[in-house]
Amino acid sequence: MRIGHAWIAADPHPTISPATGQLIGSASLGTAGHIDDAVVAARCAAQRLARLSVWDRAALCRRVGQAIAARADELAMLLANEQGKPFESEAKDELAFAVEAFEVAAEAVKHVNGTSFPLREAGRLGITALRPRGVYGVITPWNYPIAISCAYYLAPGLAAGNALVWVPALTTSLVASLLMECLEAADLPDGAVNLVTGHGAVVGDALAGHRDVDAVGFTGSTATGRSVAMRAAGKPVSLELGGNGPTIVFADADLDLAAARICEGAFTNAGQTCTATERVLVERSVHDELRERLVARASAVVLGDPFDPATMMGPLHNQDTVDKVLAHLDDACAAGATIDCGGAVATGFATPLYFPATVVSGVGVGTLLNREETFGPVVPLLSFADEEELQAITRASRYGLFASVFTRSVNTAMRQAGRLRAGVVHINEMSAYWDLTVPGGGASGSDSGTGRIGIAQSIRAMSDEVTVTLGFG
């Protein structure tokens, strides 16, 4: 843990690699008292950060990006070992994404401004100005422990002039600590970012409910997000939660493109992505053609050691995730679904966390695969006859994060974009596609969260908008 200018040790918690089952280090178990200390340090730093000009904050972000880039390979190796994703094809990309986040934030903050507007009374003008919220509490997950932390919170938070108290997932605390070394090397003001590791039910709850924290950001499960929102009641809260976004394939779609993008979205990070391809809704006349393509692609996915260059997919991160995937598959099969490939824990590996790329057809509308977030490398196939039936299938789930539509018809694409309950709708692209410059987040009334992420959107969301009226006549 790092609080203020000091590294703090506490009771150790073993960190086990999901790939090898071996001990790779230990994380400190922070307490509510550590959160108190971190908030005090952040409050002192917030005063210094608030006095920095926009250009100074931009320079600060650039220094952080450069410090991360200087240790990117070291960070990627630890990320692959601790989280389980392939080193060459995914861990390195995640670090590049983090570096880019700070670069984009450094430029975006110069263009995120307030507004001016005329008032009814002559000789008066109204303006709004953005100012830092102050102390921002951040709680982040294990699936993208560097990319999400940097792009959603650390980069925009520092660009906006906030001081942060960061609670990462306990199981990826080692790579979070190494990232903190990069922030330290970037010569941030002491306390600008404070890292407190530990059990979420201890340090996460203490942070969310802390009366001296000005705002809270959380990315993770919907159930935990609800708990965070209740504890942080009365404060600005940003929640980026779960997803079960539909990927819809119409009969006129390019099926080869659809199959490629579906599998990329489903099997990247072993499906442990809130925007992953969670369910595929395909027009009945092309169902079998698409299924053949998906099975061929899924069967070719190489499961293996994250450090083997041939590996395309690593292990799942923990046993709870494996159990959830198996429970969803059992539920679907009990309702008549058929597993076309994969579907069981792979044997011959160092841990029981390796799960092959899986395709399931004949999935029922009421099954867990269609209603809930599976968070594993599974492509469930459901078919529809017309758009009325399609709407009934999509509405069976309460999630509303990302969705994807494959069609050659502009009319069909735009009609679906208007009807789907999703914060982001991609056309002829995988649901997991993401760009730092565009807004994203859950649809209103869904179980996918509140607020918008994206560098510029996050800078604005992590700022207070102050209205000022001027009299000059």
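Which residue forms a salt bridge with Glu 107? The partner is Lys 110, and the closest N and O atoms of the two are 3.5 Å apart. A salt bridge here is a side-chain nitrogen of Lys or Arg within 4 Å of a carboxyl oxygen of Asp or Glu. What you're looking at is a predicted model, where local features need pLDDT of at least 70 and side-chain atom pairs count only at pLDDT 80 or more, while totals for chains, interfaces and linings use all residues. Residues are numbered from 1 along each chain as its sequence is written, and side-chain values use heavy atoms, with hydrogens and water left out.

**Overall build**

- The protein has 15 helices and 20 strands, counted as DSSP runs (helices: H or I, at least four residues; strands: E, at least two) and numbered from the N terminus.
- Its C-alpha atoms fill a box of roughly 70 × 60 × 35 Å along the principal axes.
- The radius of gyration is 23 Å, which agrees with the value near 23 Å for a compact globule of 473 residues; it is taken over C-alpha atoms, and the globule rule is 2.2 Å times the number of residues to the power 0.38.

- Of the 473 residues, 55% are buried (buried is under 20% relative accessible area, exposed is over 50%, partly exposed is in between, with a 1.4 Å probe and protein chains only).
- Take the contacts with a separation of 6 or more: 73% of them come from residues 24 or more positions apart, a contact being heavy atoms within 4.5 Å.

**Salt bridges**

- The count comes to 20 salt bridges.
- Back to the opening pair: Glu 107 is partly exposed at 40% relative accessible area, and Lys 110 is partly exposed too, at 21%.
- Arg 284 and Glu 389 also meet in a salt bridge, 3.1 Å from N to O. This pair links distant parts of the chain, 105 residues apart: Arg 284 sits in the loop between β13 (279–283) and α10 (287–299), and Glu 389 in helix α13 (residues 387–394).
- Arg 284 is partly exposed at 43%, and Glu 389 is partly exposed at 29%.
- Asp 288 and Arg 291 form another salt bridge, at 3.2 Å from N to O. They're three residues apart in helix α10, so about one helical turn separates them.
- Asp 288 is partly exposed, with a relative accessible area of 43%, and Arg 291 is partly exposed at 25%.
- Elsewhere, salt bridges with shared partners join Arg 62, Glu 107 and Lys 110 into one network.
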